[in-house]
Amino acid sequence: MSEDVRLVAWVRGRVQGVGFRWFTRAKALELGGLSGFALNVQDGRVQVVAEGPRSACDALLEWLRGADTPGRVDGVTEIWDTPRGGYDGFAIR
């Protein structure tokens, strides 16, 4: 059984105004077991917070770094932590 983790990722590039948050939510729901959110940050990045099984968070991070995302991803910085809870599903903020 996979341990639950918290992934916080900041995605750089042309990731605002291209449906990035919507597609991130769709991918999180497709992977299953994830809760959290995707949020546009004022400096042009998108912040993604996902909590759930390590395997699902790893898959989401791999997708964020891959070529299937909308827009253009120049880089992703992530931090791993213990889950904090309090999320109802996966939201777009």
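Trainee: How many bridges join strand 1 to strand 3?
Mentor: This is a predicted model. Strand 1 covers residues 4-14 and strand 3 covers residues 46-53. The two run antiparallel. Within this pair, D4 has P53 as its bridge partner. The number of bridges joining strand 1 to strand 3 is eight.

Trainee: What is the bridge partner of G36 in strand 3?
Mentor: Strand 2, residues 35-40, pairs with strand 3 in the antiparallel sense. Six bridges hold that pairing. In strand 3, G36 is partnered by A50.

Trainee: Which strands are the edge strands?
Mentor: The open sheet has five strands, ordered 4-1-3-2-5, with mixed pairing. An edge strand pairs on one side only. That gives strand 4 and strand 5 (90-92).

Trainee: At about what angle does helix 2 run to strand 3?
Mentor: Helix 1 (residues 20-31) lies across strands 1, 2, 3, 4 and 5, at about 175° to strand 5. Helix 2 lies across strand 1, strand 3 and strand 4. Its angle to strand 3 is about 155°.

Trainee: Is T69 buried or exposed?
Mentor: T69 sits in the loop between helix 2 (54-65) and strand 4 (72-81). Leaving out residues up to four places away in sequence, T69 touches F20, W63 and L64. Its relative accessible area is 9%, and the cut-off is under 20%. T69 is therefore buried.

Methods. Residues are numbered from 1 along each chain as its sequence is written. This is a predicted model: local features need pLDDT of at least 70, side-chain atom pairs count only at pLDDT 80 or more; totals for chains, interfaces and linings use all residues. Side-chain values use heavy atoms; hydrogens and water are left out. Helices (H or I, at least four residues) and strands (E, at least two) are DSSP runs, numbered from the N terminus. Buried means under 20% relative accessible area, exposed over 50%, partly exposed in between (1.4 Å probe, protein chains only). Contact means heavy atoms within 4.5 Å. Two strands pair if DSSP finds at least two bridges between them. Axes are lines fitted to C-alpha atoms, for helices over the stretch in contact, and angles run from 0 to 180 degrees between N-to-C directions.
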